[in-house]
Amino acid sequence: MKIKRNGSVCRFGILLVMVLFTDAFSLCRAQSKLSLQDAVTRALGSRASLNAEAGRITAAQGRERQSALIPNPSFQFENQNLRPGQTYTRDVDTYAFLTQPLDILGKRKQRINSAAKEVSSAQAQYELARRDVMQSVKQSYWAARGAQETRDLLKATVDNFQRIIDYYSAQLSVGRFRNRTSCASAWSANA
């Protein structure tokens, strides 16, 4: 069964494959070396959970400032006895009330103390999350470094083993082992 292909379609397919391979190879470049401090710094800067914890600190500080403020006064303006046919200045009673809430039982101090505890709690949670991230990155970093060292050691072992194989192959090709074997058999025959 023969399949006919159009020349332009085939060329396009080859071009497409070449472009894909070129893109794939450009992505496969060597990674830069990363120190432990760089790894920790990058992790601390890129963790969204730490940014959320920092936001909780800011919100708690805002609630602390709000709890320390005195309540806003309220102003009320009222007209009474306003009916049709009356003169406003003579027949209508006008009242204005200004009310300032007072803190007699010390609730404001309790709110301030509670908000301050909330701020310190948010800061402690942030520090704990930050230390957890640092510890996790350090453990991962040293595990990766250990794996690299193990890989390098195994590679060196394979290279040394290959040198031993090459050495004995060269010795065998020269015929050095044949002479020893024949000498050993001759010596054992004489004994």
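D91 has a relative accessible area of 26%, so it is partly exposed (buried means under 20% relative accessible area, exposed over 50%, partly exposed in between, with a 1.4 Å probe and protein chains only). This is a predicted model, in which local features need pLDDT of at least 70 and side-chain atom pairs count only at pLDDT 80 or more, while totals for chains, interfaces and linings use all residues. Residues are numbered from 1 along each chain as its sequence is written, and side-chain values use heavy atoms, with hydrogens and water left out.

**Exercise 1.** Find the residue whose side chain meets that of D91 in a salt bridge, and say how exposed this partner is.

*Solution.* 
- Step 1: Recall the criterion, a side-chain nitrogen of Lys or Arg within 4 Å of a carboxyl oxygen of Asp or Glu.
- Step 2: The partner is R90, at 3.4 Å from N to O.
- Step 3: R90 has a relative accessible area of 64%, so it is exposed.

**Exercise 2.** Describe the surroundings of S67.

*Solution.* 
- Step 1: S67 belongs to helix α3, which covers residues 48-68.
- Step 2: With 8% relative accessibility, S67 is buried.
- Step 3: A polar atom of the S67 side chain lies 2.8 Å from the backbone oxygen of E64.
- Step 4: Beyond its neighbours within four places in sequence, S67 is in contact (heavy atoms within 4.5 Å) with R108, R111, I112 and A115.

**Exercise 3.** Compare the span of helix α5 with the expected one, then look along the helix.

*Solution.* 
- Step 1: α5 runs over residues 107-174, which makes 68 residues.
- Step 2: The expected span is 1.5 Å times one less than the number of residues.
- Step 3: From first C-alpha to last, α5 reaches 100 Å, close to the 100 Å expected.
- Step 4: Buried residues in α5 include A115, V119, A122 and Q171.
- Step 5: The side chains of R145 and E149 meet in a salt bridge at 3.6 Å, N to O.
- Step 6: R145 is partly exposed at 31%, and E149 is partly exposed at 45%.
- Step 7: After α5 comes G175, with a positive phi near 100 degrees.

**Exercise 4.** Where in the protein chain is confidence lowest, and where is it highest?

*Solution.* 
- Step 1: pLDDT is the predictor's confidence in each residue, from 0 to 100.
- Step 2: The chain has a mean pLDDT of 81, and 75% of its residues reach 70 or more.
- Step 3: Confidence is lowest in helix α6 (residues 176-190), with a mean of 56, and highest in α5, at 93.
- Step 4: Where pLDDT is low, the predicted coordinates should not be read in detail.

Technical notes
Helices (H or I, at least four residues) and strands (E, at least two) are DSSP runs, numbered from the N terminus. A polar contact is a pair of N or O atoms within 3.5 Å; within protein, one must be able to donate a hydrogen and the other to accept it, and residues adjacent in sequence count only if both atoms are side-chain atoms.
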